Amino acid sequence: MNSESEPVGVVQRLIGIDSVNSDLVPEAAGERMIAAWCADWLTARGFEVHRLEEHPGRPTIVGIRRGTGGGRSLMLNGHLDTVGVGDYAGDPFGGELRDGRVIGRGAFDMKGGVAAILVAAARATGVRGTGAHAAGPAGASDLAGDVIVTLVADEEFGSLGTMEVLRSFRADAAIVAEPSELCLTLAHRGFAWFEVELTGLAAHGSQPERGIDAIVHAGLVLRALDELRADIEAAPAHPLLGHGTVRVSTIAGGSDAATVAAACTLTIERRMLPGQSPDRVEAELRALLERLADVVVGFRFRLTRLVARAAFEADPEWPIVRLVTERATEVLGRRPDVRGEPFWTDAGLLHEAGIPCLVVGVDGGGAHADAEWADAASVDALTEILTRTIADFCG
């Protein structure tokens, strides 16, 4: 294994620590062990370390190198949790380096990014050794601005960690090191999940006219959602994200084969573009259901928003975006590609909190799949991009 002061060595060590999200997999390890390891790593390199744990057993680590004053502060965000390993091929915690790839659960999503954050923050703030050899007093930096490392819990489920961070810490800008194949992600979709409960009237299956079939009403909802989907796809496309989406993710109804269904429940997922707020898409869905209630006898519904996160879009002219673009161009020898993502990241929360940010992360593959890997050279490249960005932004 490589040195734990080098990016690839840190990735290998992080992969070796089981950090499967315990909200996704009951009885999973969660973030306790990996958070403790990262806290020790940061402490040994002179960082001021805070452990946040509003939710017992779900710790988030914040490491700060205070600037000398007068400079801009930069937050670096990465999540410690991973999805499960149920059907993973081989050893999910092996961290083997083979053919230029670091292999194991979380290598790509996103322990490669976490490793780059750690090493870049240490290098940029003047740390060259560990323990007694760390440069400067604990918490102090050679830079003018503060460097704030946030290694968060629960991004794969509810984003408890980043929400907890934002209740106590702020910065002038932020970088989220989610995997982006060394592209700059300047936008991603938001999402909202809704539950629709349809209430009918039970009757004997031989006399359906005496009942109100909630499953039939569910079919009307599905047809109306098809029309909504067509409207969404007919609207002008976002240049990075294309169109939003709407779909039914689960449906359940009826009690037995001989009874008209008295109830049917659907969960609906709506993926949103920048400018489409959760309130707006909820109102859109409610209007659809109310139109059905106006024309269909006995159509009764209850709509509940389960969870919602707004979309994210960065301004290409933000100083942090321009600086990362310049430093990535230097390191890669070419201007990095710019793209949007269909999925959501914690950049949405940072943006919502008023912190200019973007996403840039390692190359690799197999996120949430049965074989996952990160390109080792991309981990080194990301580390160098972040190191130069931190030095310039906070200097």
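This is a predicted model: local features need pLDDT of at least 70, side-chain atom pairs count only at pLDDT 80 or more; totals for chains, interfaces and linings use all residues.

Start by selecting α6, which gives three residues, the largest share, to the lining of the largest cavity. Helices (H or I, at least four residues) and strands (E, at least two) are DSSP runs, numbered from the N terminus.

Residues are numbered from 1 along each chain as its sequence is written, and side-chain values use heavy atoms, with hydrogens and water left out.

Next, show the whole lining: Phe-194, Leu-228, Val-246, Ile-268, Arg-270, Val-281, Glu-284 and Leu-285. Here a cavity is a set of points on a 1 Å grid over the protein atoms alone where a 1.4 Å probe fits but cannot get out, and lining residues have an atom within 4 Å of a point. The space inside is about 40 Å³.

Now jump to Gly-90, in the loop between β3 (74-79) and β4 (96-98). Is Gly-90 buried or exposed? Gly-90 is exposed because its relative accessibility is 61%, and exposed means over 50% (1.4 Å probe, protein chains only). Select Gly-104 too: its C-alpha atom is 8.5 Å from that of Gly-90, though they sit 14 residues apart along the chain.

Terms used. Buried means under 20% relative accessible area, exposed over 50%, partly exposed in between (1.4 Å probe, protein chains only). On a 1 Å grid over the protein atoms alone, a cavity is a set of points where a 1.4 Å probe fits but cannot get out, and a pocket is an open set with protein on both sides within 12 Å along at least five of seven lines; lining residues have an atom within 4 Å of a point. Grid points are joined across faces, edges and corners, and a volume is the space filled by probe spheres set on the points.
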